[in-house]
Amino acid sequence: MKPPLPPSTSSALRKTRPSPYFYTFLTFTVFVLILYCEDLLSVFDRNELVPIKPIPETGKEKETKSTSQLPFVIGEPEETGKKEEAESTSKLPFATGEPEETGKKKEAKSTSKLPFAIGETEEGCDIFSGRWVRDELTRPLYEESECPYIQPQLTCQEHGRPDKEYQKWRWQPYGCDLPRFNATLMLESLRGKRMMFVGDSLNRGQYVSMVCLLHRILPPNAKSLESSIDQSLTVFRAKDYNATIEFNWAPFLLESNSDNAIVHRVDDRMVKKGSINKHGKNWKGVDVLVFNTYLWWMTGRKMKFLKGKGSFKDEKKDIEELTTEDAYRVAMKSMLKWVRKNMDRNKTRVFFTSMSPLHIKSQEWGGEPGGNCYNETTLIEDPNYWGSENKNIMQVIAEEFGKSKYPITFLNITQLSSYRKDAHTSIYKKQWSPLTPEQLANPISYADCVHWCLPGLQDTWNELLFTKLFYPS
């Protein structure tokens, strides 16, 4: 018979048995964890990637209403400006929405995200509606001297422009921010792929801007720039990424008698019907296409179309004449048809840049008669300003893109660029012909109020392209 346990041992065992209060506390703790586990997890989970936003202006706190904190503001505060835009289409000549959305509404909306997209623009944010704010912290995005690819027609500092104020403006949409341009993200997304800009010299300027934004992160031996003999095709290669950024000269998109990228100043402009494949053969296999065409259609008279299989060099031609709007519609229909047949909506993206504004008549913005962009160093402050750009062309774009089965992303740069009479190359560019004494005595007579200095406005166009590529609506 075993001896009984010592009293001290039995007493110790009894003390280690949990009390009823412990079970009550444990049950309550489990209940709280079950009830609030999602909130607790969100506290510790901080790995979600978010777009990097631009550095805010000094003294700017959530868009204060006082404009005294902003040295220069174009447009109205969000509370009043956006409300009026929603109520009236008279402020924006093109107020039918973005064709990217229009083209998709016929199908189930947002069935799958667009190629290259990694996020979305904030709901209700129109990145093309906003104001210009002065920004000396983040502008310019590069220095003119740092980018050897800028053509002498666009190097304003090299050609004697005395100020740099045009480089120090950042586009600020109402109610939201543009993500910072990320060259690494762009090149990684284009790894093994092709991006191509197609159009006229204005699209070439945007192309050069994109090259300048990207080349800075590449070592000297990891990049190259090549052009065809006639300069109709230019290719920038990021060798380590096996990526190309290309430009194809096609001012009408269709075949024309102005297709020579070097010698293209033709008095009697002519386009060939049904000829989209002339340039389209260069676009096949491209992953990101950026089109533009506008200025070359603005002849002030009817556009001539060459019919049949004739040549522009034939003495006798079968010609059809169309109004500017009807001729432009032919080009849009041809482009959209080519895109539908040749681009895979699950792998590729197509952009269309709206018309680049001119500043050739200073009276349009309240200036002295007979002036233009020459000597202009300030912005147009009227938020409702619209120059001489053809609004009917915008309507043609809206109508035709709205029918597209392939989602086209529309870069509506016209309104925001129209404020920038200060940003043109003016007289500060290479002149291909010697200036006459009469011209030298009157700089207004030879100021270029069509093209833009780089760095400058067209870098903003590419920031908008970047936003729509990676963060579409």
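Student: Among contacts in the protein between residues at least 6 apart in sequence, what percentage join residues at least 24 apart?
Tutor: This is a predicted model. Its secondary structure comes to 12 helices and 14 strands. Take the contacts between residues at least 6 apart in sequence; the share that joins residues at least 24 apart is 78%.

Student: Of the 473 residues, what percentage count as buried?
Tutor: Buried means under 20% relative accessible area. By that cut-off, the buried share of the 473 residues is 49%.

Student: Which residues have the most contacts inside the largest nonpolar core?
Tutor: In soluble globular proteins, nonpolar side chains tend to be buried together. Here the largest nonpolar core has 102 residues. Those with the most contacts inside it are Met-186, Ile-245, Leu-289, Phe-291 and Phe-352.

Student: Which residues is Ile-245 in contact with, leaving aside its neighbours within four places in sequence?
Tutor: Ile-245 is listed with the most contacts inside the largest core. Neighbours within four places are set aside. The partners are then Leu-190, Met-195, Phe-197, Tyr-207, Met-210, Val-211, Leu-214, Thr-234, Val-235 and Phe-236.

Student: How many aromatic pairs does a search of the whole structure find?
Tutor: A pair of aromatic rings is described by the distance of the centres and the angle of the planes. Over the whole structure, the number of aromatic pairs is 16.

Student: Why is the pair of Trp-297 and Tyr-328 edge-to-face?
Tutor: The ring centres of Trp-297 and Tyr-328 are 5.9 Å apart. Planes over 60 degrees apart count as edge-to-face. The planes of Trp-297 and Tyr-328 meet that cut-off because they stand at 75°.

Student: How many residues apart in sequence are the parts that Trp-297 and Tyr-328 tie together?
Tutor: Trp-297 lies in the loop between strand 8 (288-291) and strand 9 (303-306). Tyr-328 is in helix 8 (residues 324-342). Trp-297 and Tyr-328 are both buried. The separation in sequence is 31 residues.

Student: Which residues do ring pairs link into a cluster with Trp-297 and Tyr-328?
Tutor: Ring pairs build a cluster that holds both Trp-297 and Tyr-328.

Student: At what angle are the planes of Phe-352 and Phe-401?
Tutor: Phe-352 is in strand 11 (residues 349-353) and Phe-401 in helix 9 (residues 391-402), 49 residues apart. Phe-352 is buried at 0% relative accessible area, and Phe-401 is buried at 1%. Their ring centres lie 5.3 Å apart. The pair is edge-to-face, with the planes at 85°.

Student: Which residue meets Arg-420 in a salt bridge?
Tutor: Arg-420 is buried, with a relative accessible area of 1%. Its charged end sits over the ring of Trp-132, 4.7 Å from the centre. The salt bridge of Arg-420 spans 2.8 Å, N to O. The partner is Asp-422.

Student: Which side chain of opposite charge is nearest to Arg-204?
Tutor: Arg-204 is found in helix 6 (residues 201-215). Arg-204 is buried yet has no salt bridge. Not counting residues up to four places away, Arg-204 touches Gln-151, Phe-247 and Trp-249. At 8.1 Å, the nearest side chain of opposite charge is Asp-200.

Student: How many residues apart are Arg-329 and Glu-399?
Tutor: The side chains of Arg-329 and Glu-399 meet in a salt bridge of 2.9 Å, N to O. Arg-329 is partly exposed at 22% relative accessible area, and Glu-399 is partly exposed at 34%. Arg-329 is in helix 8 and Glu-399 in helix 9. Their separation is 70 residues.

Student: What separates the C-alpha atoms of Arg-301 and Thr-324?
Tutor: Arg-301 sits in the loop between strand 8 and strand 9. Beyond its neighbours within four places, Arg-301 is in contact with Asp-267, Asp-268 and Thr-324. Arg-301 and Thr-324 are 23 residues apart along the chain. The C-alpha separation is 7.4 Å.

Technical notes:
Residues are numbered from 1 along each chain as its sequence is written. This is a predicted model: local features need pLDDT of at least 70, side-chain atom pairs count only at pLDDT 80 or more; totals for chains, interfaces and linings use all residues. Side-chain values use heavy atoms; hydrogens and water are left out. Rings of Phe, Tyr and Trp (its six-membered ring) pair if their centres lie within 6.5 Å; planes under 30 degrees apart count as stacked, over 60 as edge-to-face and the rest as tilted. Helices (H or I, at least four residues) and strands (E, at least two) are DSSP runs, numbered from the N terminus. Buried means under 20% relative accessible area, exposed over 50%, partly exposed in between (1.4 Å probe, protein chains only). A charge sits over a ring if NZ of Lys or CZ of Arg is within 6 Å of the ring centre and within 35 degrees of the ring normal. Lys and Arg count as positive and Asp and Glu as negative; His and the chain ends are not counted. A salt bridge is a side-chain nitrogen of Lys or Arg within 4 Å of a carboxyl oxygen of Asp or Glu. Contact means heavy atoms within 4.5 Å. A nonpolar core is a set of buried Ala, Val, Leu, Ile, Met, Phe, Trp, Tyr and Cys residues joined through side-chain atoms within 4.5 Å.
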